[in-house]
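Please open the model in your viewer and keep the selection tool at hand.

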Amino acid sequence: MALEGVIPKRELLAIIKRFIKDQNRGISVKLFAELCGINKEHLLDVFFYRIHPLTEYIQIRVSKGYKSWEKRSEEHTSEL
């Protein structure tokens with residue numbers, strides 16, 4: 001079942017792993033995790049190390065957090 005407005009799991013796993021690796025992302029991993037409402041260690045365990053599964057709860061939180069960050073990032077870029 002697809003959740004409306006939520007990035008699909010496989011796509012989200014790839015996006016966030018790439019995001020974590022990006023040194024020019026414009027936000028620390030710790031602050032991004034806070035934006036998503038989870039702690040940094042859990043974010044890394046799910047998306048980078050893949051120790052824990054990506055639950056629907058984390059998928060929704062991180063998807064919304066990423067979209068929010070992406071929107072703010074685009075707004076900031078357009079102001080420059």
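Begin by selecting Arg25 and Phe19: the charged end of Arg25 sits over the ring of Phe19, 6.0 Å from its centre, where sitting over a ring requires NZ of Lys or CZ of Arg within 6 Å of the ring centre and within 35 degrees of the ring normal. This is a predicted model, in which local features need pLDDT of at least 70 and side-chain atom pairs count only at pLDDT 80 or more, while totals for chains, interfaces and linings use all residues. Residues are numbered from 1 along each chain as its sequence is written, and side-chain values use heavy atoms, with hydrogens and water left out.

Keep Phe19 selected, which is buried at 5% relative accessibility (buried means under 20% relative accessible area, exposed over 50%, partly exposed in between, with a 1.4 Å probe and protein chains only). Ring pairs link Phe19, Phe32, Tyr66 and Trp69 into a cluster; rings of Phe, Tyr and Trp (its six-membered ring) pair if their centres lie within 6.5 Å, and planes under 30 degrees apart count as stacked, over 60 as edge-to-face and the rest as tilted.

Next, select Phe48, which is partly exposed with a relative accessible area of 27%, together with Lys17, whose charged end sits over the ring of Phe48, 5.6 Å from its centre.

Finally, move to Arg50, whose phi is near 55°, a positive value in a residue other than glycine, and which is partly exposed at 46% relative accessibility.
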